[in-house]
Amino acid sequence: MFSWMGKQAGGGERAGDPVQTVTGGLKQLYTRRLQPLEDYYRFQDFHSPALEEADFDNKPMVLLVGQYSTGKTTFIRYLLEQDFPGMRIGPEPTTDSFIAVMHGDAEGSTPGNALVVDPKKPFRKLSRFGNAFLNRFMCAQLPNEVLKSISIIDSPGILSGEKQRIRRGYDFCQVLQWFAERVDRIILLFDAHKLDISDEFSEAIKSFRGQDDKIRVVLNKADQVDTQQLMRVYGALMWSLGKVINTPEVLRVYIGSFWAQPLQNTENRKLFEVEAQDLFRDIQSLPQKAAVRKLNDLIKRARLAKVHAYIIGHLKKEMPSVFGKENKKKELISRLPEIYIQLQREHHISPGDFPEVKKMQEQLENYDFSKFHSLKPKLIEAVDNMLANKIAPLMSLISQEEINMPTQMVHGGAFDGTMTGPFDQGYGEGAREGADEEEWVITKDKPVYDEIFYTLSPINGKISGVNAKKEMVNSKLPNSVLGKIWKLADCDNDGMLDEEEFALAKHLIKIKLDGYELPSILPLHLVPPSHRKPLQVSE
């Protein structure tokens, strides 16, 4: 069923290599099914440049966006634990360029004009933004373990006011939109002391329309405020974002201080550690989800291309053959919202699949409608067939790979600092408390538990399930949780608890009440001493 995916697709895919097989399948779907539709209706001129070989083969990319001095470059330095070429850090607006931080065998940098002619890099289509942009674009390459799995895009710090937009010399939001369509994660950084969203930052966020699933928000430098101030800052940030990002879902906000310096305020240290681990896990999972993300982006692109074809075909159909072309063009542009509604009804298309009306009207001003192509059903059918019959097998192949292949994760840099040893999240806490101690961790509290045990009428050193329940329900935990605790504590499965098993049950209740998760299997260090099996010594 998947034989068409195993062929080499111009990029040297090896038959039988699972990752390359999926990549080859995506390339074939695009070049054979979708690209002919895009070319015929000039989709690339209106929306997004054609995809190239490197767009399918490149590693997952993370785009960092934020106002100046929110810690974007420092965040990259924190993840890599290494300086990179072109890095400048300071309280003033220091990063004035887009910097693609990528893996390389030797440390060095490549300027934008050279970068966009390199077929191995996914940046060739950025040449359309001209020299003003290319002079502010570079690739920093360095041998770093983190960059073997992902690439990171640092963006210029955003200032406020019209003056900043004019001074750039290129369309900043259009560049961000180009990156947003191709990256796997967009991280918006905010400073706990700079929550105002400037005009340009607001426009930048709006340029990510349709990419909401990729956006994550980081509230950086949160150690510079106390707990009460942090609650107010968080509320103000959510209010500000709500005015800019029109989505019913609440964006995930990670709170912390993402640099390798001592915390200025340590009262929220545990919160910062948990938030950092959550963010690290999200970034670490990107290589594993890369194929799904590329497939998802291809589907979104196909839906938009179909809608674009319907729009162009309708405009062509409405144009007169000889006289009054210019007046008809103006009329059609002004009636574009009505045309959208008409096409939605005719072709059963969701309103969310249509491009923004105002932007489309501005673009149409520059084209001669009489030169547009009429609707070609065969091209539409090819894309419909792709969406209906080719996506599901490819999705199944991706799912099979996830089962058969070892888990792909980002390693190195800051990601390794909290993965093992005593600074791993949760080390020595909850069910993991006492894991590296010789003495049973419950011993210190056992005298208190023993007093309760002997009030529950033990017979032959054990209490019945009925009597144990009377004490355990005092915790007010739900029966589903208490049932799990009972299973973990009844080590010999005799339906009763001795004094050590009862102490274990009380300890597990305390773990749950302290906000930690119960283990699915009882760890060896929590097994009561009298229930531990002696080690088998071979003679």
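What follows is a chat about aromatic pairs, charges over rings and helix contacts in a predicted model.

Colleague: Before I start, what are the ground rules here?
Modeller: This is a predicted model, where local features need pLDDT of at least 70 and side-chain atom pairs count only at pLDDT 80 or more, while totals for chains, interfaces and linings use all residues. Residues are numbered from 1 along each chain as its sequence is written, and side-chain values use heavy atoms, with hydrogens and water left out.

Colleague: How many aromatic pairs are there?
Modeller: The count comes to 24 aromatic pairs. Rings of Phe, Tyr and Trp (its six-membered ring) pair if their centres lie within 6.5 Å; planes under 30 degrees apart are stacked, over 60 edge-to-face, and the rest tilted.

Colleague: What sort of pair do F129 and F133 form?
Modeller: F129 and F133 are edge-to-face, at 5.9 Å centre to centre with 70 degrees between the planes.

Colleague: And Y367 with F372, what is that pair?
Modeller: Tilted, because the planes are at 40 degrees; the centres of Y367 and F372 are 6.2 Å apart.

Colleague: Are F133 and F372 buried or exposed?
Modeller: F133 is buried, with a relative accessible area of 0%, and F372 is buried at 5%. Buried means under 20% relative accessible area, exposed over 50%, and partly exposed in between (1.4 Å probe, protein chains only).

Colleague: Which residues form the aromatic cluster?
Modeller: F98, F123, F129, F133, F137, Y170, F172, W178 and F179 form one cluster.

Colleague: New topic. Which residue lies over the face of Y254?
Modeller: R252, at 4.2 Å from the ring centre. K376 lies over the face of Y40, at 5.0 Å from the ring centre. The rule is NZ of Lys or CZ of Arg within 6 Å of the ring centre and within 35 degrees of the ring normal.

Colleague: Now helices. How do α4 and α11 cross?
Modeller: The axes of α4 (residues 72–80) and α11 (residues 269–284) come within 13 Å and cross at roughly 80 degrees. Helices are DSSP runs (H or I, at least four residues), numbered from the N terminus. Axes are lines fitted to C-alpha atoms over the stretch in contact, with angles from 0 to 180 degrees between N-to-C directions.

Colleague: Which residues meet there?
Modeller: F75, Y78 and L79 in α4 meet L279, F280 and I283 in α11, contact meaning heavy atoms within 4.5 Å.

Key: Helices (H or I, at least four residues) and strands (E, at least two) are DSSP runs, numbered from the N terminus.
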